[in-house]
Amino acid sequence: RFPGVEIRARLFREYPYREHTSHLIGYVGRINEEEVKELEDAGNALNYLGTDYIGKTGVEESYEKVLHGTTGIEQVEVDAGGRGIRVLSRTQPESGKDLILSLDIKLQEVAEQAFGAYRGALVALDPTNGEVLAFVSKPGFDPNLFIDGIDEQNWSELNNSPDVPLINRAIYGQYPPGSTIKPFMALAGLYYNRRTPGFTISDPGYYVLPGSSRQYRDWKVGGHGAVDLFKSIVVSCDTYYYGLATEMGIDNMFSFLSQFGFGKRIGIDMDGEAPGLLPSQKWKEDRHKQKWFAGDTVSAGIGQGYNLVTPLQLAYATAILANNGVGHRPRLVKSIQRDETTPGQASPQHVLSLNSEHMSLVKRAMIAVTQPGGTAAWAGSGAPYQIAGKTGTAQVIGMKQGEKYIESQVHERHRDHAWFIAFAPADQPRIALAVLAENGGHGGSTAAPIARKVLDYYLLGKMPQPMLPPQEPDDEND
């Protein structure tokens with residue numbers, strides 16, 4: 001109808017969930033020269049003839065070969081005028097395959113909303129098979145901006161934002177685990193016979209190394225009095241774990257905790273996972289050219305010092321606890337359509353040799369954490385199912401000897417990180433998770449309520465309701 005007008009159709013990705021799945025699904029973008037060179041070096045360039053787009057991040061990147069398919073090629077003989085005479089060979093194109101994710105998209109949205117204005121991350125797993133149920137990195141971004149080339153203004157806003165929305169905190173963010181390490185430390189103490197269930201210490205509110213005058217403070221001024229292993233988890237007693245770490249030694253801690261995936265990449269089916277850091281004497285000698293000091297061990301005993309974990313690592317370790325020592329590698333893709341090699345049910349990644357009585361004791365203590373007297377009692381209040389959990393508060397800045405931490409006097413981005421790990425129902429766990437609220441303060445009052453909303457929706461189908469703040473603030477600062 002309109003001479004000189006030509007219509008060309010192009011297919012574009014569209015990400016309808018935008019920020020909710022930006023770090024999980026990722027995005028495709030225009031293929032660049034560096035990526036073409038990598039394809040040529042891998043002998044895969046022919047499959048990208050005529051291709052304008054390639055997966056850049058998230059599942060789009062890690063499953064690029066599966067999603068892309070094979071480009072069709074037709075070799076044609078032409079005459080001097082460039083007209084086709086005959087077809088010499090033809091390779092039929094193959095469409096890319098469809099991925100079915102294990103993600104519960106409504107649970108994902110509930111988890112995102114539960115964070116409110118907090119930055120942070122949440123990873124929720126099915127402990128029986130490793131399927132990822134929710135995967136949140138907050139804040140996110142709109143991946144649709146990148147499909148046809150992001151404009152300068154949006155790129156500048158995302159790249160220069162102090163909230164760093166382009167960072168996938170769930171697998172790349174590395175933070176001190178704080179007191180979430182204590183259930184694993186308790187198991188280590190029992191394993192190495194450094195503690196028995198009935199062994200009790202008297203906590204004056206601090207710990208002192210033999211021959212030293214420096215006091216390593218408990219989060220509770222005046223201490224917790226008589227503390228056994230069970231109570232040490234329920235009230236999150238720092239003093240108990242200062243002493244346990246000193247007696248156990250950093251290398252024993254390294255050997256035991258590494259079984260839970262700390263200090264190494266878990267192997268989720270997504271690129272960009274950080275390894276975290278589980279320190280040892282050898283690591284410090286190699287990295288800092290310094291010997292290991294006794295004070296380093298004391299700090300490591302409560303998840304501070306050199307310790308660093310990702311939210312994924314903590315979720316994975318929690319899933320191992322929930323599943324009685326059996327670990328399944330976390331995976332996002334549940335199945336690949338039109339593929340005979342569908343992942344199917346995951347095989348155990350490894351099985352830990354843990355004493356069942358020790359596991360039972362630690363689990364009972366974690367249940368008590370969410371009941372009256374525990375550090376997450378408020379978040380567990382009124383739940384029609386049992387939650388096994390552990391709070392954690394990780395320091396961002398160091399405090400001088402005798403200096404008191406007053407949150408209101410600290411810059412928001414220097415305040416403590418809030419952690420909470422949990423699994424539920426405690427007797428037959430269907431979900432295990434780790435929640436990090438950056439600079440959120442206390443795990444019991446900030447991170448645990450986020451987890452409760454996620455658990456309520458997943459187990460009960462209950463949509464989140466605004467939760468009233470506790471009548472008395474949680475003063476845990478471990």
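Q: Does Phe256 count as buried or exposed, and at what relative accessibility?

A: Residues are classed by relative accessible area: buried is under 20%, exposed is over 50%, and partly exposed lies in between (1.4 Å probe, protein chains only). Phe256 has a relative accessibility of 1%, and so it counts as buried. The model is a predicted one, in which local features need pLDDT of at least 70 and side-chain atom pairs count only at pLDDT 80 or more, whereas totals for chains, interfaces and linings use all residues. Residues are numbered from 1 along each chain as its sequence is written, and side-chain values use heavy atoms, with hydrogens and water left out.

Q: What share of the protein chain is buried, and how many helices and strands are there?

A: Of the 478 residues in the protein chain, 50% are buried. The chain has 17 helices and 17 strands, taken as DSSP runs numbered from the N terminus (helices: H or I, at least four residues; strands: E, at least two). Its C-alpha trace spans about 95 × 45 × 40 Å along the principal axes. Contact means heavy atoms within 4.5 Å; among contacts between residues at least 6 apart in sequence, 70% join residues at least 24 apart.

Q: Which residues have the most contacts inside the largest nonpolar core?

A: In soluble globular proteins, nonpolar side chains tend to be buried together. A nonpolar core is here a set of buried Ala, Val, Leu, Ile, Met, Phe, Trp, Tyr and Cys residues joined through side-chain atoms within 4.5 Å. The largest core has 112 residues, and Leu122, Phe135, Phe260 and Phe262 have the most contacts inside it. Beyond its neighbours within four places in sequence, Phe262 touches residues including Ile181, Phe184, Leu278 and Val309. A separate core of eight residues includes Val28, Tyr53, Phe141 and Ile147.

Q: How many aromatic pairs are there?

A: A pair of aromatic rings is described by the distance of the centres and the angle of the planes. Rings of Phe, Tyr and Trp (its six-membered ring) pair if their centres lie within 6.5 Å; planes under 30 degrees apart are stacked, over 60 edge-to-face, and the rest tilted. The count comes to 16 aromatic pairs. Phe184 and Phe260 are edge-to-face because their planes stand at 65°, with centres 5.1 Å apart. Phe184 belongs to helix H8 (residues 182-191) and Phe260 to the loop between helix H11 (250-257) and helix H12 (281-288), so this pair ties together parts 76 residues apart in sequence. Both Phe184 and Phe260 are buried. Tyr191 and Phe256 make a tilted pair, 5.3 Å centre to centre with 45° between the planes. That pair joins helix H8 to helix H11 across 65 residues. Tyr191, at 46% relative accessibility, is partly exposed. One aromatic cluster unites Phe184, Tyr191, Tyr192, Phe256, Phe260 and Phe262.

Q: Which residues line the largest cavity?

A: On a 1 Å grid over the protein atoms alone, a cavity is a set of points where a 1.4 Å probe fits but cannot get out; a pocket is an open set with protein on both sides within 12 Å along at least five of seven lines; and lining residues have an atom within 4 Å of a point. Points are joined across faces, edges and corners, and the volume is the space filled by probe spheres set on them. The structure has one cavity of 30 Å³ or more, and the largest cavity holds about 50 Å³. Its lining consists of Leu125, Asp126, Pro127, Gly130, Tyr316, Ala319, Ile320, Val326, Gly327 and His328. Helix H14 (311-322) and strand E12 (326-328) each supply at least two of the lining residues.

Q: Where do the cis peptide bonds at Pro139 and Pro425 lie?

A: Omega identifies each bond. The Lys138 to Pro139 bond is cis, with omega near 5°, and Pro139 sits in the loop between strand E7 (132-138) and helix H6 (152-160). Ala424 and Pro425 are also joined by a cis bond, with omega about -15°; Pro425 is in the loop between strand E16 (417-424) and strand E17 (431-437).

Q: What is phi of Asn324, and is Asn324 buried or exposed?

A: Asn324 is a residue other than glycine with a positive phi, near 55°. Asn324 occupies the loop between H14 and E12, and is exposed at 53% relative accessibility.
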